[in-house]
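Welcome! Have a look at the structure first.

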Amino acid sequence: MIQGSKADFPFFAEHLQEGRPVVYLDNAATTQKPYPVIDAVRRYLTESVANPHRGAYQLSGEATSRYEAARSRVAAFLNATSSDTVVFTKNATDSLNLVAESYGRRHVGEGDEIIISIAEHHSNLLPWQRLAQENGALLKYVYLDETGMFDMEQFRQALTDRTKIVAVTQVSNVTGIEFPVAEIVRASHDAGAVVVVDAAQSAPHIPIDVQALGADFLAFSGHKLYGPDGAGVLYGATCLLQDMPPISVGGGIVEEVTERTVRYMDPPLRFEAGTPNVEAAVGLHAALDYVDAVGFSRIRRQEQELTGYLVRTLQAIPGVSLYGGTEGVARHGVVSFNVGSVHPHDVATILDSQGVAIRAGHHCAQPLLNFLGIRFCCRASLSFMNTKEDIDALSDAIISVGRWFDGSA
Amino acid sequence: MDLHDLYGDIVREHSMSGHNLRHLEHPSVVVPGRNPSCGDEIDLELSVEGDRIKDGSFTGVGCAISRASVSIMLDLVRGRTLDEAAELARLFLAMEQREPLTDRQLDALEEAVALKGVSNMPARVKCATMPWHTLLNAVEVARGTD
Ligand SMILES: Cc1ncc(COP(=O)(O)O)c(C=O)c1O
Ligand SMILES: [Zn+2]
C-alpha cells in the first residue's frame, strides 16, 4: 500500500548515516525512489528484457509495448493529445539541447532573437547562448522584479517580430518561484515566437497540462520525479516535431537507407537513435503512477505547508539570509540561503556531519546568482515526503555552524 | 564523521586570520587557482629572488578549507627555495591522496598536517589540494621567468 510518506522509500531504511536515516533535503537535485519504481524496474529486468522495436520474437514485442506504454503514460501525465508528442531523452538537459540543435538551428537566423530569463539553469541557457552565437542571433534576458518574479512588463517590451524562441523555466531551481508560463506563452504566440518550457523543477510539484499552458516544447527529467536516472522527456507539438531533423542518427530511426540517402521515421522515434533506455522508461511509468496515486492535491498541500515552515524556520535563525523571493511569494519546495559569511560548502559539510543533506554552490545558475548579488549559496529543497522534523534537524544543524566559525566550538 | 578532524583549531584559525590575504607590492609571479566544484578562486602571489621565495600572499574567495590550506602553505614555504617548496607541495598532495608518509615527511609539513583529515572527505579534497597545485604551477612559472 502506498503511504505517500517516507515509508514508501526504501532508501530511508536502507541508508543509515551513523545509525540514522539521512535528512534528505536535496530533492531538487534528484529524488529518492519509492518501492513501486524499484519493483517495476526489477520486474522488467528479470522478466522481459529485449531490444524494443527490433526483434520479431514475442519478447521484443513485450519490451516494445512496455516502452510505448511508458510513452503513453507520460502523454497522459502532461495531458498531451497524443503519445507521438513525447520523445524520450536522457534527461531535461538532453531534451533542451535537442530543441536548440534541431528546431533552433533551422529557425533562428542572423538578426533573430531568443529570449530567456535570468533565472535559467545552465541547461536552459547554454543551448540558447551557443545557438545565438553560432547563428548570429541576439540572446535577450528578462530579469526579475523586486519580488523575485519574472518581469512580465519587461518581457512584453523585449518581444519583437524577430523573436523566434522564448525559453523559460516554470519553477526556478534556486528560488522555487513559479513563473507565469501560460501568460508568457500567450504573449509569445502573439509575437509569433515558439515557447520552450523547462519543467524540470515544476513537474515534481504541480500538475502540468501542456494544452492549458499552450507550450510548444516542454522538458523534464524523470529522476527528479521519483523515477530512475536516464529517462528524460521532451514534449513537442506534433506540427513542430514533424519538421525537425534528428540530431543523433543511427539505428532505429529510419524508414529506408541507401548508400547515399535516408528517409527517417516520423516523430517521436526519429529522435531516439540507438537502443533506448527501456528500464528507465518503465521506471518513469511507475513513478508517474506513484505520483498520481499520492495525488497532486496532497503533494501540493504538504509541500506548501512544509515550504512555509522552512521559510519561517530559516528566517528565525540569526545570521541566515534568504534569497530570491519576498514574503508572500509562493515557492515550490526550494529555498536558497546563506549562513552569515560562512562559505556554503563549509555549511554543507557541517550539516552533513549531522546527517542533513543539502546542496551548496552555484546550482548551475551562475547568471542568476550574479543577478542576486551572490556567488554561491546553500539550497534546501523539499518533497512532500519530508517532515517538519527534517526541517527542525536542518535548523539545529544550521545553528551549530556558528559554533565552528565563531571560534567557540 | 568528526568535524574536529576537518575544522581543527589550526584550520579554523588560518581560515579566519587572513594574515596572508593581501597583495604583494612587487610579486614575481601571480598564478590563479580554481576549484570549480566548490567555487574556490584564489590568486597566489610569490615574490622570488634567485631561487628563493621571499614572500607570498593570496587574494580571492574560497571555503574555509581552501583559505586555511593556502594560508598554511604560504607560512610554510616563505623563505624556502623553489625546489624545497615544490617538494613540500608533492608531499602534501601525497598526504591528501592517502599515500603513507613517514613521520619525518609529516614533520616537514608542519601545520599542514592539520589538513590530513580532509583526505577522508572526497567532496572536499580539492579544496585542500588546489592551493598546492597552484604553488607547483607558480614554481614552474618562476623558474621560467628567471
Ligand atoms: C530548472 C532545471 N532545468 C534543468 C535541469 C537539468 O536537469 P538534468 O540534469 O536532469 O538534465 C535542472 C536540474 O538540475 C533544473 O533544476
Ligand atoms: Zn572549497
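A polar contact is a pair of N or O atoms within 3.5 Å; within protein, one must be able to donate a hydrogen and the other to accept it, and residues adjacent in sequence count only if both atoms are side-chain atoms. This is a predicted model, where local features need pLDDT of at least 70, side-chain atom pairs count only at pLDDT 80 or more, and totals for chains, interfaces and linings use all residues. Residues are numbered from 1 along each chain as its sequence is written, chains are lettered from A and ligands numbered from 1 in the order in which they are written, and side-chain values use heavy atoms, with hydrogens and water left out.

**Exercise 1.** Find side chains that make polar contacts with ligand 1.

*Solution.* Start at Thr93(A): a polar atom of its side chain is 2.5 Å from an oxygen atom of ligand 1. Next, go to Gln201(A), where the distance from a polar side-chain atom to a ligand oxygen is 2.7 Å. Finally, a side-chain N or O atom of Lys224(A) sits 2.8 Å from an oxygen of ligand 1.

**Exercise 2.** Locate the cis peptide bond that ends at Pro268(A).

*Solution.* First, step from Pro267(A) to Pro268(A): this bond is cis, with omega near 5°. Most peptide bonds are trans.

**Exercise 3.** Describe the phi angle of Tyr226(A).

*Solution.* Tyr226(A) is not a glycine, yet its phi is positive, at about 75°. Most residues other than glycine have a negative phi.
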